[in-house]
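Biologist: I'd like to learn how to read a model like this one. Could you walk me through it?

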Amino acid sequence: MAHGGTASATDTLAAVPGMRVGHAQRAGDGWLTGTTVVLAPPGGAVAAVDVRGGGPGTRETDALDPRNVVERIDAVVLTGGSAFGLDAASGVMGWLEEQGRGVPVGPDPAQVVPVVPAACVFDLGRGGDWHARPDAALGRAAAEAAHAHGDRVREGNVGAGTGAVAGGLKGGVGTAATVLPDGVTVAALAVVNAVGSVLDPGTGALYGELAMGRVALPDAARHAVARERIARAREALGVPPLNTTLAVVATDAALGPAQAQKLAGTAHDGLARAVRPVHLMHDGDTVFALATGARPVALPGLNDVLAAGADAVTRAVVKAVLAAGTVSTPVGEFPAYRDLYGR
């Protein structure tokens, strides 16, 4: 853990008080996709974003520029379906409006415009049907799940990670949290769907675990068999691969918009430790940062928050890969790390 931090008891994004996560997905009959919603506490959270992939698919990210008027938002949407799947954000926007949550734009408290930043991963056709993609109804379902059960965060083949693939391995959703010595909580949720690989091709070890210095190398013979299955899965994906890894980093630290943007930027370091190469032209790698502002933080503490955000992203990527299970579709088989290596 960064700077003496300890893992949170829940070790999920919901460890940040007030943060909730909901998933909605469809699998089978041509479907293999879904949507994940991160719901901020009432009153919203200071938000920022850092987009580094060469092929991003996003919505409302310009609103998060620190120079612009919007400072607090109520939800972030991560979704499958490539740019088509950004429709899921409309369902979340509608649900928030019904709750009276959003930017006030008139004298009536019901006159609000929810600002719902969103980013998508490419999973089109992985279930067999090119047109099976998230829509507004799936986004609403994910928002409702976050509201109802968002303190219990599922990992693996759920939500936006349902159709995710990472370098030929099955990807998914992972989340991690740490509590710093001063009591500040920093957490991350990642949707791992990378063009690059999450494992060292020479040994089969996960890059993220190598970075954390806590891995036993897989058996060489087992790794040789695994490499063949991964190569076949890569062929099923087609060329060029179109992917993306998304993350949300959240904290209860009191950050301004510019500080939140710095947190989103340094969190990309955690992604680079766990996925290689990263930020490619066919990636849409995007990190959002959310800060609820419950705990004051001075400059030395801010540095610890930044470091912890990167560490949390690395662990979230590792947990996503380990939580995923092998999926077989008409397109082909996407093997899971845990099945290949007996984890």
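Biologist: Let's start with a helix: which elements do the buried residues of α1 pack against?

Modeller: First, some ground rules. This is a predicted model, where local features need pLDDT of at least 70 and side-chain atom pairs count only at pLDDT 80 or more, while totals for chains, interfaces and linings use all residues. Residues are numbered from 1 along each chain as its sequence is written, and side-chain values use heavy atoms, with hydrogens and water left out. Helices (H or I, at least four residues) and strands (E, at least two) are DSSP runs, numbered from the N terminus. Buried means under 20% relative accessible area, exposed over 50%, and partly exposed in between (1.4 Å probe, protein chains only). Contact means heavy atoms within 4.5 Å. Here, the buried residues of α1 pack against β3 (31–39), β5 (58–59), β7 (75–79), β10 (118–120) and α2 (136–149).

Biologist: Which residues of α1 are buried?

Modeller: Helix α1 covers residues 88–98, and Ala-88, Ala-89, Gly-91, Val-92, Gly-94, Trp-95 and Leu-96 are buried. After α1 comes Gly-100, with a positive phi near 75 degrees.

Biologist: How many helices and strands does the chain have?

Modeller: There are 7 helices and 18 strands. The radius of gyration is taken over C-alpha atoms, and the globule rule is 2.2 Å times the number of residues to the power 0.38. For this chain the radius is 19 Å, close to the 20 Å that the rule gives for 343 residues, so the chain is as compact as a globular protein of that length. Its C-alpha trace spans about 65 × 45 × 35 Å along the principal axes. Of the 343 residues, 58% count as buried.

Biologist: What share of the contacts links residues 24 or more positions apart?

Modeller: Taking contacts with a separation of 6 or more, 78% are between residues 24 or more positions apart.

Biologist: Which residues touch the most other members of the largest nonpolar core?

Modeller: A nonpolar core is a set of buried Ala, Val, Leu, Ile, Met, Phe, Trp, Tyr and Cys residues joined through side-chain atoms within 4.5 Å. The largest has 46 residues, and those touching the most other members are Val-192, Val-198, Val-249, Val-275, Val-305, Val-313 and Val-317. Helix α6 gives the most to this core, with 11 residues. A second, separate core of 33 residues includes Ala-119, Val-121, Ala-160 and Phe-288.

Biologist: What does Val-192 contact, leaving aside neighbours within four places in sequence?

Modeller: Its contacts include Ala-164, Gly-171, Val-198, Thr-245 and Val-317.

Biologist: Where does a charge sit over a ring?

Modeller: The test is that NZ of Lys or CZ of Arg is within 6 Å of the ring centre and within 35 degrees of the ring normal. The charged end of Arg-26 sits over the ring of Trp-31, 3.9 Å from its centre. Likewise, Arg-133 lies over the face of Phe-84, at 3.7 Å from the ring centre.

Biologist: And the backbone: which residues does a cis peptide bond join?

Modeller: Arg-276 and Pro-277, with omega about -10 degrees. Pro-277 is in the loop between α5 and β16. His-279 is also found in the loop between α5 and β16; His-279 is not a glycine, yet has a positive phi of about 60 degrees. With a relative accessible area of 24%, His-279 is partly exposed.
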